[in-house]
Amino acid sequence: MTIAAAGTPPATRRPSAIRGFFPILRGLLFAVIGGLIGAGIAIAIRSAMGVDPFDRTPSANGTIPSTEQIVTVAFIVAALGWLLGVGFWESTVRGWLGYQIKGVPTDWRRYLTVSEDHKVIGIQYLATFIVVLLIAGLGAMTMRAQLSQPGNTLLSPDTYNRIMSFHGIAMVSVAVASVMGSFGNYFVPIMIGARDMAFPRLNSLSFWLVPIVIVSLFLSQLLGGWDSGWTAYPPLSVKNASGQIMFNLAIIVFGLSSILGGINFIVTIVKMRAPGMSWGRVPIFVWSVFSAAILATFFTQFFAASLTMVLLDRIAGTGFFVGQGGAPLLYEHTFWFYSHPAVYIFVLPGFGMALEVLAHLSRKPLFAYRWAVAAFIGIVGLSGIVWAHHMFVSGMPNALLGPFLVTTELISIPTGLIFLSALGTIWMGRLWLTTPMLFALGFVFNFVIGGVTGIFLADVPTDVSLHDTYFVVAHFHYTIIGGEIFALFAAFYFWFPKMTGRMLSERLGKINFWIMFIFFNLTFLPMFWAGLHGMNRRIATYQNDLANVNLFISISAWILGSSFLVFVINVLWSLLSKRAARAEANPWKARTLEWLVSSPPPVENFPSTPIVVGSPYGYGTGGRPHAVFGLAGASDEEVTA
Amino acid sequence: MRRHIAIVGLVWLVLTFAGLILAQVAFEPGTFSDKGQMIDDTFRTLLIMSVPVFTFVIAILGYSVFAFRHKGQPEGDGVPLSGRGRLPLAWFVVTSAMALGVMVYPGLTELPKVVHLDAQPDVIVRIQGQQWRWSVQYPQTGAKSNSELVLPVNRKIGFEITSIDVIHSVWVPAFRMRIDAVPGLTTYMSFTPTATGDYGTDSGLRLQCSQLCGLNHATMQMPVKVVTDAEFATWLAANGGGQPSGPSGGGQPVAIEATAGAATDGFATKTLDAKAGTPITFTFTNDDPGTVHNLAVTADGKTYATDFKPGPATMTVDVPALPAGTYPFLCQAHPTTMTGTLTVK
Amino acid sequence: MTTMPLAAEEHELRVAHHEESHVAHHEEEHDRAGINRMGLWLFMASESMLFFAMAAARLYLNGFNGPDKGEVNIGLGLVLTVILLASSWLGYQATGAIERGNRRRAMTALLLASLLGIVFIGGVAVEWRTAEFSQNSPFGTAFFSMTGLHVFHLVTGLIGLLLAANLLRRGQFGPGDHWGITAVVRYWTFVDVMWLAIVFPMLYLL
């Protein structure tokens, strides 16, 4: 783990590898103990209430409430145990109880426990979500293997549905947290000239909730998994295997993580900007994270509420979605009230990231900066009133169709402004076609396809036909992979030198880009065609006449998958090889604050508080830098403006 | 700058022209309903409208990458266009106008036509979804079917759709129409089939569940047939009078049983034998008191399944003649534990 | 600074230098109180969304109808409301007392506020036991889930109050350093406001 080495005071004594894993191992141990205690509590409560604690009688929905109640309580206590064990006992809870809190390690071990350094947390997020991305990607590869021919018996329908559901939610979690959690955490404080996030420990809590989510999604497979997709519509999610409750509990925890992160970003950006960092000088990536944070803070609760209602129907016998007065459409409303804004949580930081890279590597000011910011705000405003376009064929009242068609198509206006900004920025620029720039340009290409096809789904008449087909699958993969994941890669190639002090191989980077770009399009463009030809979503098998196109998609998808291997090799080579080039402070000659400090940045980010004196995008306008360092003064190499 | 704009404009025009030609290609298989035609026309309209927008972005993007690229690190900066002033405002006004345009036509103008419900349809069809099968009923005559949806051509059909367990969705790709089947709710849809045909000639003529509904969602489908009035009347008569199209028997009999504890122990027998080339009638005896089981045999990508009933109960299912080979069977309520293999010789 | 400022930018740089003089105050701990307050407000705003979602669910399931079988005990509901208001008032007494340095009074107020919270939870338990509707009827669903959600928040608030009381006992907090108490009390009030503005009217008054 060389990435931890630079920028930290040398450890006095080199600890053994095992000791570094101590917090995580203790967290796991405490989670197991907590689970047992929780199960005991649930059994005791059931006994005290005079019911057989292990009653196996199924409920009216065919589930076993006793098991699910015990699992739920065990989950909650296990989650608390994990948090205490992994380091929150020393760093936080001791303080609540009035004892001296203990410091956290400063050497490489800080990556494996509770840290209060936003840069450490950013790297924790990044490493975690790259792993999740790869695992969920393997899920996609498996699904494409099953779908390579009709009637394939490689996977049973049950296995397919479970993998498909896992792929869905795991990728949604990547989409929610990868750019925000990793690059947002690492770079937003630096880009606004702050020392850290507003609430460093809360920030760490946001991250350490994530392993609970991932592990629970795997553990749910022991309880039969869940086959209801990431959307988990009831009544199916009230009636299916008990794995569903682990999904619900896990995603409620993930929601909590997302909300705490959102609050942290909002407060940090509002309150902790450096002197002179007026709202008009805030880099566009920070604006995009700010917008997404607002959405995460205020909308995620609706997802939590939806999942809680399903959970209560299962373990407490309520009747939200089943029984006499149950209303399945209620779930669709509350779910999409979060989950449509959620797609902007995915993609807004992607927009911000792409615009950031386009401006710096076109050596031009960001075109129509104010309009792009207005577009972000506009999207935030509109995102709360478009949710029911996911429900055009749900059986909701027809009177709602027109209004939601209108609001949905309004979203294309702010999105159009972001394209204006992107195209205006590269126009007459001096395009430095490095790997991050290629990914940012790829983003623009892919997102225009994703955006244009969105119009077909916003329009009720065509959506009636295209809803829940592969047309939709293609559309949202164009926006999320083609958009956000391409932006994630742009961000990764752009900022990796800053984060690690090492350069990535440009040659491998370009190979990675071209394989990914070409085979991404070859995978997902034919899916539009398959959708138009009657291939519906989330199916383990399909009609024989779609065999050729599906085989083509599968082969393209596997090659697309292999491009991630190139990426992994590139990263490992750069981190481990002695020949990998070291990164200077500002390899891209960019202007924002993170490039004014060493690579990686010092623990306290800046030698002294920076003073912002100009635009972050003042290319070609004369020599004024974005920021200078104040009285304490930085050495000249560090202030390369 | 002028020269660049002129070239991009030219590229845009050429691409748009090419795109508009491409947009004439038949992207979809033919439709079998009046509303399907409307939907396809709307699709085409949107496609034509989106071509210039798409090519505009691609022209600028592609030309910029081509003309303004630098191999290494560029010396100096690009032209500092700030993007203040009239241009963004003009962009905003134009894109807003386009969005409003698309909203009105074909959005709001076509919407009422597509979701319109005929107050007095010629034929009423009730569709009920359950995990993982469809059943249809014709309340005007009392005809029922669990095996196919038959509709008369050029008649207004009114559908009344429900579900008894989870959310399903009624979708016939060839009709382009879709609406969810929601437990506790009746949903409606109406259209007129415009051509005769059946699933054998067009795989779009199938009633396909398109809302994830659990285990056998992918194969929850029913063949659809559009026939003439005369054929429809004959079919109604053959399926009328409340005669369920249940087990007709007649195939070679194969029996299998599930006893108490089958949910973990599996079927009483894990292997079955049958002769090739003759239809098979499976008789499944559920002797597992109070536990729901069924028997489902998968062959040629189709699943033949009995009802779900708690024991004690007996259910049957007919399977057409199969070629020699082995076929998996299972209980769809316990797909991991209750499995077996049918050997056809 | 590596670049000489151009004449046109002189003014802005002068502004920057003016801001430089404040740099000392702009270190990590700048405006910590404001940061904490904003964080707490955002958290409460976010949590209120959860209550709005449940209220929306209640209206979706029941429309504007009240209990479908049996009556909720509106008398008990009113008593519970008063208890909760009194508890919030006591919480603010604790904040006021610690601001004036009166630790003993702050302690008493915190403990009394917690006690009233426990009484309130007991009252809800009585409501649950005596409810004449089943938890799977539409109103029962709304009633049990909304009161349950509220009690869950009360319990977290209660833990907070007791933790604050314990810290007070151990000698923490003083007139200039009482964010812990202020925050817990503000959260406690927020939970009360949710009862007063959403749960009580949705379940007892509609």
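This is a predicted model: local features need pLDDT of at least 70, side-chain atom pairs count only at pLDDT 80 or more; totals for chains, interfaces and linings use all residues.
Among contacts in chain C between residues at least 6 apart in sequence, what percentage join residues at least 24 apart?

View 1. Residues are numbered from 1 along each chain as its sequence is written, chains are lettered from A in the order in which they are written, and side-chain values use heavy atoms, with hydrogens and water left out. Chain C has 6 helices and 0 strands, helices being DSSP runs of H or I with at least four residues and strands runs of E with at least two. Of its contacts (heavy atoms within 4.5 Å) between residues at least 6 apart in sequence, 81% join residues at least 24 apart.

**View 2. Helix α9 of chain A.** Spanning residues 284–315, α9(A) reaches 45 Å from its first C-alpha to its last, close to the 46 Å expected at 1.5 Å a residue, where the expected span is 1.5 Å times one less than the number of residues. A kink of about 40° is centred on F299(A), the bend being the angle between axes fitted to the seven residues ending there and the seven starting there. Just after α9(A), G317(A) takes a positive phi of about 70°.

**View 3. Helices α2 and α3 of chain B.** The axes of α2(B) and α3(B), lines fitted to C-alpha atoms over the stretch in contact, with angles from 0 to 180 degrees between N-to-C directions, come within 10 Å and cross at roughly 170°. The two helices are therefore roughly antiparallel, a term for angles over 145 degrees.

Terms used. Angles under 35 degrees count as roughly parallel, over 145 as roughly antiparallel, 65 to 115 as roughly perpendicular and the rest as oblique.
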